[in-house]
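These are my notebook entries on one structure, kept in the order in which I looked things up. I begin with the model itself and then follow single residues.

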Amino acid sequence: SLVIRLSLDNMPEQRRRVFELSRHENLSNDQIAKQLGISKNTVRVHLYTALKELKGLIAIFCLFFMAE
């Protein structure tokens with residue numbers, strides 16, 4: 001959706017890459033960590049933060065359109 005794409009476009013590069021590898025390419029956290037040369041914990045933090053941002057943006061988007 002447009003909302004998700006805009007949110008991803010505004011994320012820091014590495015967070016966006018981690019999210020895309022996880023959700024679009026279905027890689028495990030371990031695979032992502034190895035591919036990007038970062039720790040599994042860093043992958044978990046990036047995914048947690050990305051999902052938190054997306055959920056917040058979707059909630060705002062829903063409230064805005066339900067208020068009309």
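In which helix does R15 lie? I looked it up and found R15 in helix α2, which covers residues 13-23.

Before going on I noted that this is a predicted model, in which local features need pLDDT of at least 70 and side-chain atom pairs count only at pLDDT 80 or more, while totals for chains, interfaces and linings use all residues. Residues are numbered from 1 along each chain as its sequence is written, and side-chain values use heavy atoms, with hydrogens and water left out.

**Entry: the whole chain**

I counted 4 helices and 0 strands, where helices (H or I, at least four residues) and strands (E, at least two) are DSSP runs numbered from the N terminus. The C-alpha trace spans about 45 × 20 × 20 Å along its principal axes. Of the 68 residues, 26% are buried; here buried means under 20% relative accessible area, exposed means over 50%, and partly exposed is in between, with a 1.4 Å probe and protein chains only. For contacts (heavy atoms within 4.5 Å), I noted that 49% of those with a separation of 6 or more join residues 24 or more positions apart.

**Entry: helix α2**

The buried residues of α2 are R15, R16, V18, F19, E20, L21 and S22, and the buried residues of this helix pack against α1 (2-9), α3 (29-36) and α4. I then took S22, which has a relative accessibility of 10% and therefore counts as buried. Setting aside neighbours within four places in sequence, S22 is in contact with L27, I32 and L47.

R15 is buried as well, at 15% relative accessible area. With neighbours within four places left aside, I found R15 in contact with H46, T49, A50 and E53.

**Entry: salt bridges**

I searched the whole structure and noted 6 salt bridges, each being a side-chain nitrogen of Lys or Arg within 4 Å of a carboxyl oxygen of Asp or Glu. The side chains of R15 and E53 meet in one of 2.6 Å, N to O. This pair links distant parts of the chain, with R15 in helix α2 and E53 in helix α4, 38 residues apart. E53 is partly exposed, because its relative accessibility is 32%.

R5 pairs with D9 at 3.2 Å, N to O; the two are 4 residues apart in helix α1, so about one helical turn separates them. A salt bridge of 3.2 Å, N to O, also joins R5 and E20. R5, D9 and E20 are linked in a network of salt bridges.

**Entry: helix α3**

Is A33 buried or exposed? A33 lies in helix α3 and is buried, with a relative accessible area of 6%. Not counting residues up to four places away in sequence, A33 touches I38, S39, K40 and V43. From A33 to L21 I noted 10 Å, C-alpha to C-alpha, for a sequence separation of 12 residues.
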